[in-house]
Amino acid sequence: MHEPLSIAVIGCGSRGRTYARIAVDLGHRIAAFADPSPSARQAMEEIAGADARTFTDADSLLAEPKLARVAAICTQDSQHFPQAVAAIHQGYDLLLEKPAACTSADVDELSRLAEAEGCRIILCFVLRYTPFYRTLKSHLDAGIIGDIISIQAAEGVGPWHQAHSFVRGHWSRSADSTPMIVAKCSHDTDLLAWLADSPCRSVASFAGQSHFTPEMAPTGATDRCTDGCPHLGTCRFDAHRYLTDQRRWLQMVRPDADSLSDEAIIDWLKTSDWGRCAYRCGQDTPDHQVVSMQFASGITADLTMTAFDTGRRIRIYGSKGILEGAMHADGRDPWIECRMHEGDTTALEIVEQDTGGYQGHGGGDFGLIEALPALLDTDTADSRQFTEGHRIAFAAARSAEQDCLINLAPDH
């Protein structure tokens, strides 16, 4: 058994509050938290309790002597690196939201600094901790399909998720965050590096923005959904859906979403980024991208990111057979099958776990926090383990932008 952890939460948005709730339910303690939003701080106080110290910004918290063993950094992408550096210098171990930093060089610097200071960095690559990917990995490691030859993977972001986060939202412009292939799909590049168990040698990528453009806007669409748009109620991306079937997404950007009246939401849509026409946001994010990878072991892989599907799919080709499956796709429960080249096709059992009701990221949110004490207390928590997926994702962004093959220098 591991001792309960003390945690300082920096950034009390959706991710910070989710990790805090799970941590408290598992017997850990929130010692302090910081956020500039009064409503976010109030929401976190209800989770952490009145004994937790409250700060209005990360700098104030990090200026104090070390307040907890772990600093959970759950702020916006551009803030991760400076806050992580400050926390490492204060002696914290880190639970760090992905991406770790906004450039590949800064990711490498964090790894170097943590190693020099003797701190642990646990990246929130929560998909590693889902029953789906743990089952997949265990069968691969057991050699069920022989040697891995190649991997095909796909992430369907989902049309509304794309519009909410990457067209209207915080990740709509790379300069304010990170390229979308890093912000959204570093999960997937991390998984591919983890499954291939080999450094990546070269990357090529192509991306495009085909749908969320002014040219694709419905005729007569207004700049805001609240400006008397003639497509109110018929456009798939009508922001008034935040009042009805897409209301859960409001909770991602408004901690007080559950207490807002419909009138208050409409007033907010009149001025907020999320009330803009999804075809007139000026974002630079692609709505589809493909990434091809070659690993040092000889394994090849490709990843398709698209706004116009939902869930993750994977097919792994081995010398003896094929493993394939999907998670949160096609309205089905997660599934994995093994098809032998000379033999039967077998459905593999995905061993579920009790997540205490937390189903976020296929149970990965709970799985990560449950595993956190062990990750921090064992030698397996190598701070460099998170760099490979980042290197691939940043290389993919550069390849798509420069229309070239990116050769990666050996990292091991």
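**Briefing: cores, fold and surface of the chain**

The largest nonpolar core has 78 residues, and Met293 and Ile316 make the most contacts inside it. Apart from this core lies another one, of 29 residues, including Ala52, Tyr129, Leu372 and Leu376. The model is predicted. The chain contains 13 helices and 15 strands.

**Core and burial**

- Of the 412 residues in the chain, 55% are buried.
- In soluble globular proteins, nonpolar side chains tend to be buried together.

**Overall dimensions**

- The radius of gyration of the chain is 22 Å, which agrees with a compact globule, because a globule of 412 residues would have a value near 22 Å.
- Along the principal axes, the C-alpha atoms fill a box of roughly 60 × 55 × 40 Å.

**Contacts along the sequence**

- Taking contacts between residues at least 6 apart in sequence, 70% join residues at least 24 apart.

**Surface and charge**

- The chain exposes about 17700 Å², and carbon and sulfur atoms supply 48% of that area.
- The chain carries 36 positive and 57 negative charges.
- The mean position of the positive charges and that of the negative charges are 2 Å apart.

Terms used
Residues numbered from 1 in each chain as written. Predicted model: local features only at pLDDT ≥ 70, side-chain atom pairs only at ≥ 80, totals over all residues. Heavy atoms only, no water. Helix = DSSP H or I, 4+ residues; strand = E, 2+ residues; numbered from the N terminus. Rg over C-alpha atoms; globule rule 2.2 N^0.38 Å. Buried < 20%, exposed > 50% of the residue type's maximum accessible area, 1.4 Å probe, protein only. Contact = heavy atoms within 4.5 Å. Areas by Shrake-Rupley, 256 points an atom, 1.4 Å probe, with all protein chains shown as cover. Lys, Arg positive; Asp, Glu negative; His and termini not counted. Charge placed at Lys NZ, Arg CZ, Asp CG, Glu CD. Core = buried A, V, L, I, M, F, W, Y, C linked by side-chain atoms within 4.5 Å.
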